[in-house]
Amino acid sequence: MGRPSLWKDISEILEREIRSGVLTRGDQLPTESSLAERFAVNRHTVRRALSHLTEIGLIFTKQGAGAFVAGSVTHYPIGKRVRFHQSVEAVGRHPTKRILHSDTRPANDEEAVALQLETGATVHVAESLAFINDVPALHAVTTFDAKRFPRMLEELGKKPSISAAFAAHGTIDFTRASTQVTAVLANTTSASLLHIAPGAPLLRTQSISIDNKGVPVEFGLTWWAGDRVTLDIEGS
């Protein structure tokens, strides 16, 4: 009688190699063909083992590039002042951000309420992807009042820093007024961007930031890779 769970054996061996340091953060795993040859199994069995390692957060895949060892979980503080680069650097990690898409359009009802605008008022919307140690960690869609911040998308194009873009408009300080956290499952878009399996757990935050006069300046929706980031909610 044959062994029924070869993929489990393979995943356990690879897991041991990752946890023991034989394979370290950022290392590329051998190809499916190489692993199939190593373990004397077919590629389907290898693919099932790699899928399991992805599900438990030990590896992630890049389309057309292969599988890579994921980093450890990053603790990210959610408080009144949330600054991505500062928060990530404070825990010894390397942050980067990329603007994926930007648009200027009429606000929908949710955006108008959050920013205290009339429905249909013009807003700037920036979609971004942020990385921690070169591993995708969050996918965000952020909305701003286009009348108050007319050069927002231009500034973000120069440097993908919301703080710097606000400063260019004279808004030096802003704070988080509210944050709602919800557990969701990754759809195909988030899964592709974050290099996780569709249906993998995500943390979704909905937030509003205000200036020093209490006027909303930013409405954000962010999807965090649940196996890579822990959100630490700070006390008020």
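This is a predicted model: local features need pLDDT of at least 70, side-chain atom pairs count only at pLDDT 80 or more; totals for chains, interfaces and linings use all residues.
Residues are numbered from 1 along each chain as its sequence is written, and side-chain values use heavy atoms, with hydrogens and water left out.

**View 1. Overview of the protein.** The protein holds eight helices and ten strands, where helices (H or I, at least four residues) and strands (E, at least two) are DSSP runs numbered from the N terminus. Its C-alpha trace spans about 70 × 35 × 30 Å along the principal axes. Of the 236 residues, 44% count as buried, a term that means under 20% relative accessible area, with exposed meaning over 50% and partly exposed lying in between (1.4 Å probe, protein chains only). Among contacts (heavy atoms within 4.5 Å) between residues at least 6 apart in sequence, 57% join residues at least 24 apart.

View 2. A pocket is an open set of points, on a 1 Å grid over the protein atoms alone, with protein on both sides within 12 Å along at least five of seven lines; a cavity is a set of points where a 1.4 Å probe fits but cannot get out, and lining residues have an atom within 4 Å of a point. Grid points are joined across faces, edges and corners, and a volume is the space filled by probe spheres set on the points. The largest pocket has a volume of about 550 Å³ and is lined by 32 residues, of which Val 82, Arg 83, Phe 84, Lys 97 and Ile 162 lie nearest its centre. The elements that give two or more residues to this lining include strand S3 (74–78), helix H4 (84–90), helix H7 (162–168) and strand S9 (216–225), and S9 supplies the largest share, five residues. By class, the lining has twelve nonpolar, 13 polar and seven charged residues, with Ala, Val, Leu, Ile, Met, Phe, Trp, Tyr, Cys and Pro taken as nonpolar, Asp, Glu, Lys and Arg as charged, and the others, Gly among them, as polar.

View 3. The structure holds two cavities of 30 Å³ or more. The largest cavity, with a volume of about 90 Å³, has a lining that includes Arg 25, Arg 93, Asn 133 and Arg 228, and the classes of that lining are four nonpolar, four polar and three charged residues. The second largest cavity has a volume of about 50 Å³; strand S4 (95–106), strand S5 (122–132) and S6 each supply at least two residues of its lining, which has six nonpolar, three polar and one charged residues.

**View 4. Aromatic rings.** Rings of Phe, Tyr and Trp (its six-membered ring) pair if their centres lie within 6.5 Å, and planes under 30 degrees apart count as stacked, over 60 as edge-to-face and the rest as tilted. By this rule the count comes to six aromatic pairs. The rings of Tyr 76 and Trp 224 have centres 4.8 Å apart and planes at 50°, so the pair is tilted. Because Tyr 76 lies in strand S3 and Trp 224 in strand S9, the pair ties together parts that are 148 residues apart in sequence. Tyr 76 counts as buried at 3% relative accessibility, and Trp 224 counts as buried at 5%. Elsewhere, Phe 144, Phe 149, Phe 166 and Phe 174 form one aromatic cluster.

View 5. Phe 131, placed in strand S5, is buried at 11% relative accessibility. Leaving aside neighbours within four places in sequence, Phe 131 has contacts that include Phe 84, His 94, Arg 98 and Pro 136. Glu 155, found in helix H6 (residues 152–158), is buried at 14% relative accessibility, and with the neighbours within four places again set aside, Glu 155 is in contact with Ala 165, Ala 168 and His 169.

**View 6. Two loop residues with positive phi.** Ala 40 has a positive phi of about 55° although it is not a glycine; its place is in the loop between helix H2 (32–39) and helix H3 (43–55), and at 70% relative accessibility Ala 40 counts as exposed. His 195, likewise not a glycine, has a positive phi of about 55° and is found in the loop between helix H8 (188–194) and S8, where His 195 is buried, with a relative accessible area of 18%.
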